[in-house]
Amino acid sequence: MEIPYIVIDQLTPSQQQVWNTYFGDADRPRYIEEGIWRRTQEEATAGQSGWSGGDDARRRLIHYRYRYDLVPTTAAPAIGLTDLYLYHSVTAPAGEITAHEDALRAALAVGGWKRTPGGALWMRRDLKCKITQFTLHPQDAVARRKLPQNYRSLDVHITSAQYAPPPAVRQRPWDVLASGIRIKDQRGTPTLAPDLSALADYLPFQVEIGCGTSVEAGIPPLHRLHEIYRVTDRQGDDPREHHFALSPTSDPLLHEVLTEPEEKTAEFTEMFKACFLAEPTPAMHALKELHDTGHLVGPVITNNFDVLAARAGLKECFMRRYDQAVPDVEWVDGAKALLVVGLHADRRKVQARARERGLKVVYLDPEGFWHDGQFKPYPLEGPQDDDLVCRKPAAEGLTELVNLLAKATD
């Protein structure tokens, strides 16, 4: 596989402008794509991890970090993947780890990887792979984590040949692991509202958006990344029922990367490609109109990496970060509400801080999704007793809000 790996070939002039404005010279490194998953087998995760007792302590860490840049071509610049970093670490009973390592060596042979002198690395054109087995992982030793006696760990690093991740990057998934598993919120009893007209009593308001607005732009939902990186078994349609992929002997991710790296890299880069090619939606334009009329204040607090709010002309406050457990939020004095649009699961700390400031928290979310012509309920986790929930898609609810407030001021 050759690096740079071309993701979008021969950009149009308008696409080059989008890159230069929102990616190449942005206020944060939007040309970096990064993700971390930590899955552990313990009592608190028994429902999804299969934990049944003290001898069940399997663990799987996935960390990827990719850098994109403009790549010259004969006709027009392309967007290419210039740095690739994929880290895969599993901890399991010794027999499973041995079988896992044997399977990886077989996959390396099928994929045409060549072992370097000394045997520490395998190379395939512009990619390198390193496999290391541990009786006791150094990170477990430092953290004094106790594992069953017969457990072993296996680390796999796959990187572009010219890239060496700095120590802070390599340490990041272990810092996330040390932060502990996410404790789910206990949902309160919010009031269901037919629309967002109640916000007229809480002006001006701030807004926080999640992937609901991205899905409306044609960007795959985040569970698509779970499919690509084999985070869960994906046996059913309901994301809440998916089980963790923890057994290394039934984990297909590395086999896919090692046997067909070009094909798998096309999957790895599809989310970034979709984000770059997406256009601001009616929901984003409605937010811009609400901002221009003074009803919406402050930056768009966003958990998305698609830059759609910025491309609609709004300032962004980016929250999906691994270097800060609770990123700062630019709160606006005088704001009376926080509108939360299409945001599920673990991004709830902004909402908690809004309540502490006395803001009314209002959710706009259909609380479900369509699959094969059927609506699958997917309730929000965060709403509390005094909150409001409007079960409409982002574009519909926000467009209605624009019209409602316009009529109120006529």
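Visitor: Is C390 buried or exposed, and what is its relative accessible area?

Guide: C390 is buried, with a relative accessible area of 1%. Buried means under 20% relative accessible area, exposed means over 50%, and partly exposed lies in between, using a 1.4 Å probe and protein chains only. The model is predicted, so local features need pLDDT of at least 70 and side-chain atom pairs count only at pLDDT 80 or more, while totals for chains, interfaces and linings use all residues. Residues are numbered from 1 along each chain as its sequence is written, and side-chain values use heavy atoms, with hydrogens and water left out.

A disulfide is a covalent bond between the sulfur atoms of two cysteines. Here the criterion is a pair of cysteine sulfur atoms within 2.5 Å, and the structure holds zero disulfides. C317 is in no disulfide, and its nearest cysteine sulfur, that of C211, is 18 Å away. C317 is also buried, at 12% relative accessible area. For C390 the closest cysteine sulfur again belongs to C211, and the distance of 18 Å is too far for a bond.

Rolling a probe the size of a water molecule over the atoms shows where empty space is left. A cavity is a set of points, on a 1 Å grid over the protein atoms alone, where a 1.4 Å probe fits but cannot get out, and lining residues have an atom within 4 Å of a point. C211 belongs to the lining of the largest cavity, as do C275, M271, F305, D306 and R320, among others. By class the lining has seven nonpolar, three polar and two charged residues; Ala, Val, Leu, Ile, Met, Phe, Trp, Tyr, Cys and Pro count as nonpolar, Asp, Glu, Lys and Arg as charged, and the others, Gly among them, as polar. Two helices, α6 (211-216) and α10 (270-277), each supply at least two lining residues. Helices (H or I, at least four residues) and strands (E, at least two) are DSSP runs, numbered from the N terminus.

At 51% relative accessibility, E279 counts as exposed. Leaving aside neighbours within four places in sequence, E279 is in contact (heavy atoms within 4.5 Å) with A217, L308 and R311. The side chains of E279 and R311 are joined by a polar contact of 3.5 Å. That term covers a pair of N or O atoms within 3.5 Å; within protein, one must be able to donate a hydrogen and the other to accept it, and residues adjacent in sequence count only if both atoms are side-chain atoms. E279 and G218 are 61 residues apart along the chain, and their C-alpha atoms are separated by 8.9 Å.

Two backbone details close the tour. L203 and P204 are joined by a cis peptide bond with omega about -5 degrees, and P204 sits in the loop between β9 and β10 (205-209). R230, not a glycine, has a positive phi of about 55 degrees. R230 lies in the loop between α7 (223-228) and α8 (253-259) and is partly exposed at 28% relative accessibility.

Methods
On a 1 Å grid over the protein atoms alone, a cavity is a set of points where a 1.4 Å probe fits but cannot get out, and a pocket is an open set with protein on both sides within 12 Å along at least five of seven lines; lining residues have an atom within 4 Å of a point.
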